[in-house]
Amino acid sequence: MARHLHHELGYQTTGIDCSPSAVELAAAHDINPGVIPGPAWQCVDITTDDVTVLAYPAYALITCRLVYRWIDDKAAFLDRIRRILAPGGVLWVVTEIAGRRTATNPALQKLGISPLDIELLTTGWSCVRTADLDVLRCYALWP
């Protein structure tokens with residue numbers, strides 16, 4: 001996503017992951033690395049690390065794709081995101097909604113976020129827009 005926003009749409013981007021190997025892999029796939037500047041790539045655990053180490057002090061767009069359900073302390077995560085979201089910026093979350101899968105495996109039915117997780121995610125924003133994509137829901141959240 002960071003690469004697409006950077007190269008195709010012209011945004012200055014920072015790709016963040018808490019896995020060093022994921023960051024290394026993403027950076028290795030930049031278009032002409034070293035010739036055409038790509039996104040900044042950083043290994044940061046946004047839930048616990050010091051956010052002042054990020055490439056920029058604030059971001060106009062923060063995306064969270066398919067990881068929100070794995071975050072243990074969602075309230076703390078959202079507070080940290082609000083601190084680095086630029087005025088007028090948007091948080092874009094793509095996540096699976098629990099119970100939407102057609103599979104009969106009960107473990108798969110539990111994948112995704114619960115109604116309580118949804119309430120926590122959407123509370124406290126000035127504007128919330130959603131779009132459903134099969135088992136996924138996209139949230140656009142403005143401070």
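Helices (H or I, at least four residues) and strands (E, at least two) are DSSP runs, numbered from the N terminus. The model is predicted, so that local features need pLDDT of at least 70 and side-chain atom pairs count only at pLDDT 80 or more, while totals for chains, interfaces and linings use all residues. Residues are numbered from 1 along each chain as its sequence is written, and side-chain values use heavy atoms, with hydrogens and water left out.

**Exercise 1.** Find how many helices and strands the protein chain has, and the pattern they follow along the sequence.

*Solution.* Begin with the count, which is 5 helices and 6 strands in the protein chain. Then read along the sequence, where the pattern is α-β-α-β-β-α-β-α-α-β-β.

**Exercise 2.** Compare the radius of gyration of the protein chain with that of a compact globule.

*Solution.* The radius of gyration is taken over C-alpha atoms, and the globule rule is 2.2 Å times the number of residues to the power 0.38. For 143 residues a compact globule would have a value near 15 Å, and the 16 Å of the protein chain agrees with this. As a further step, the C-alpha trace spans about 50 × 35 × 30 Å along its principal axes.

**Exercise 3.** Describe the largest nonpolar core and the elements that give residues to it.

*Solution.* A nonpolar core is a set of buried Ala, Val, Leu, Ile, Met, Phe, Trp, Tyr and Cys residues joined through side-chain atoms within 4.5 Å, where buried means under 20% relative accessible area, exposed over 50%, and partly exposed in between (1.4 Å probe, protein chains only). The largest such core has 23 residues, and those with the most contacts inside it are Tyr-68, Phe-77, Leu-91, Val-93 and Tyr-139. Two or more residues come from each of β3 (59-65), α3 (74-84), β4 (85-96), α5 (115-122) and β6 (136-142), and α3 gives the most, with 4 residues. Turning to Leu-91, and counting as contact heavy atoms within 4.5 Å, one finds among its partners beyond four places in sequence Ile-62, Leu-78, Trp-125 and Tyr-139.

**Exercise 4.** Decide for Thr-95 and for Ser-21 whether each is buried or exposed.

*Solution.* Thr-95 has its place in strand β4 and counts as buried, because its relative accessibility is 0%. Leaving out residues up to four places away in sequence, Thr-95 touches several residues, including Leu-66, Arg-69, Ile-113 and Arg-137. Ser-21, by contrast, lies in helix α2 (residues 20-28) and is exposed, because its relative accessible area is 52%.
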